[in-house]
Structures are given as C-alpha cells and as structure tokens.
Amino acid sequence: MNKGFTIIEMVVSLAITALLLMGVLATFDLNSRITRVETHVADMQQSLRIAQDDVVRTVRMAGRGGLLMTDTTHPLPTGVAVSFRDNVADNQLMVAGKPDTRILPGTDVLTVRGVFGTLYQSNVASALNLDSQTNPTKGTLILTDPSPGGAAQDLTPLKKAKEDGVAEAILLVSSLDDTIYAVVELDPVNTVVEEKSVRLAFNISSSGNAYSNLSPGGVFSPNLLNVGYAGILEEYRYYIREDHAIPDDLASDLAPKLVKARFFPGTDKPYRNDDANARLDLADNILDLQVAFGFDTTNQGSRAQDADYVGTDDQISETANGVGDDWLFNAPEDNATDAVWQNLPPEYVRITTLARTDRRDPDPKYLSPLLPARIENRAYPSTDPANSDTERKFRRRRLQTVIDLRNL
C-alpha cells in the first residue's frame, strides 16, 4: 500500500520552501536597491564631471584674443574676461520675464568672455578703414582666406552672420600692443562677402548692443589705427537653474540644472535673440556653483605654501579683508573693493560644484552627512534647507577644480 505525505509533513515542507523563497527575494531586493543606488551615484558623478569639464575648458580660454581681465571701468568681480555674481538673492531671473531662467538662490553666476571659436589675422597695412581718425563712429575691416601670413582662415562664421543678419560683437586688436583693442558691432547689412574675403562693416557704438562698453575705458582707443587680429567675441554664463519636478510648482521637489547660457557680450540679450540660448542645460542635479579668484598678493609668501590654495574643504580660518589668504570670495568677510585685491589681476579661478543623486536613497534609514559649514563664502548652517532630513535622503558629492587663467 502506497503512502503519501501527511498534512504535517506538507506544512513543514511549505514553511521551509517559503522561508527559502523569502531569503532569495530579500537577496534580490537588496541587490536591486544597491544597483539603483550605484546607478544614481554614477549618474551624479557623471553630471559633476560633465559640469566641471565644460567650465574648465571655457574658463581656460577666458580672454582669448586679448581681452583684459579688468580695467578701470570693469573692476572685480565684474571684470571683462571673467566676472561673476556672488551668492544670488531670491527670485532672480537670468532673462527678465522668463521664469524658466530662475537662478537658484545662494549660488554664483560665472560669466566668461573671449574669442573662442574664431581668431583671424588681418593685413596690418591696409585692412582697417575708419570714417574718422579722431572720433570714429564706424569702419570696415578686410579679412581674407588665406591670411596675410599664408595660413588658412575659415571665414564661414562671418559669412553666416552676414547671411542671418546677426549683429555679432567683433574684437579688434592692435598689431602694436595687445592691450590696445576695441569691441565693435558688426553691421551685417553693409558687410560684403566674397569667395575668399569678407569686408566687415562695423559700428563702434549702438543703442541696441552697446559692445563698446567692453572696450578699455568704454571707448574706442585713438591708438587703434591698425588691426593685427580680429574675431567674434562670445559670452557664456554658467548658472544653476531652479527647476522643479513639477514645472512652475516651486513647492515640488527641486530638480536643479547647471546651465551654459550664451548672450550677446555685455548685454542681457540671449544670443541671436533666442531665449532658448539662456537655458541650455549642461548637467542635471547640480545644487550649487561657487567661484573664487586666486591671486599672488604682495603680502604673501609662496602661494604653494598657502594651505587654502591646495585645500579642498576650504575650511581654514581667515582674518578680515583676506589678509593671510590668496583667495577672494572664499570667506564671508571678503570684499573685492579692499585694497589688498586692487591692481592685481587674478591668476586662477576655483570652481566648486555640489551635486546630488536624481532620487532619494531607497534605504529608509539613510541620511547623507551634513554639508560643511561653508563652501567658499556660502554658509551652510545646520538649519539650512539643504541640511533637512528630506534633502539628506539624497546622496551628495562635491568636486573642486583650480583653473589656470592662461590667457590672462
């Protein structure tokens, strides 16, 4: 007579099977949560790398073409080649009337100018023609391909500006001294394009785009009687755009983005008058952008011996007015108008970015560490919203880079 399992045996077998399945499922769940966390952390680190890489490449070229860092009409922090707005207040828009360009409060805005994509050599003897030698208001400049020295010159961007009617900012640099330069406005209507040359027509000042404000002293130098080099001047602004999980709902979860915006230089007009150029998202989930300028001040020893120069946490003590420190805007006391910073162009820019994961950690017990007391000159007290338990559910990372202003 064949015998089957008893009810007790079946119950025990099912219980063991259930326990085994629960263990397997718990293992899968743990692995799944670890995978999600690692994926989010990898995405966050990639955003940091992308953000820093683009900023570093652009800042390294700041002033390309001959722009000065500062002059009497452009003192720090509103220099010509590099400038920034420090710890922006609430409800500030990059473009007036455009709420999708709202700047995240407390972050910095970094502006970089230079001839990044084009730099042309001109014929010193005959290329420049002004309507007046004493008080010019307009002129022309002939550029050719190849250059007077025989090098190939791609005139396509200038021809495109003529074709599209774009009043580009044009940097004109003297062949005698690269500190003699002017920024003028392209006149696309009167510009003449030929197969191997472009005769640029330009206005020295205009109520539409007052590029002349970027010239030394805000005027066209009477010493600029010939031009050795010229190029299209570009301006980029890096800022943190305050975006949210639900657009236009400021109470919904924050979803900040680092933006690389392009503007007509020295103006508040997005490039080509396209508002989309004021919100070109570069990297997601960047919570903060902080900027500091590095100097070699006369009251210092070697900058290599400056603990703050090589440090990453930037938490050293600092006396008022930056004395004993080669960094400007890395402490609340710093003021660009203080005597220690005057007549001394910065040699380095230090960029600090703070990022977080796209989603909160799946571990209900996880809390990221409190942010440091300050990042550069921005304070992060324990009561700051960024240090709330809700925000600490995100994993966060900081990345800091010191950039050599090699063109300045």
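Two strands pair if DSSP finds at least two bridges between them. Strands here are DSSP runs of E with at least two residues, numbered from the N terminus.

I am working on a predicted model, where local features need pLDDT of at least 70, side-chain atom pairs count only at pLDDT 80 or more, and totals for chains, interfaces and linings use all residues. Residues are numbered from 1 along each chain as its sequence is written, and side-chain values use heavy atoms, with hydrogens and water left out.

**Entry: a sheet.** I looked up β18 (residues 348–356) and found that this strand pairs with β21 in the antiparallel sense over nine bridges. A355 stands opposite R397 in β21. Both strands belong to an open sheet of four strands, in the order β17-β16-β18-β21, with antiparallel pairing. β17 (327–328) and β21 (396–404) are at the edges; each has a single partner strand, so one side of each lacks a neighbour in the sheet.

**Entry: N277.** Is N277 buried or exposed? I noted a relative accessible area of 16% for N277, which is therefore buried (under 20%, with a 1.4 Å probe and protein chains only). N277 lies in the loop between β14 (257–263) and β15 (281–284). Leaving out residues up to four places away in sequence, I found that N277 touches K260, A261, R262 and Y271 (contact means heavy atoms within 4.5 Å).

Technical notes
Buried means under 20% relative accessible area, exposed over 50%, partly exposed in between (1.4 Å probe, protein chains only).
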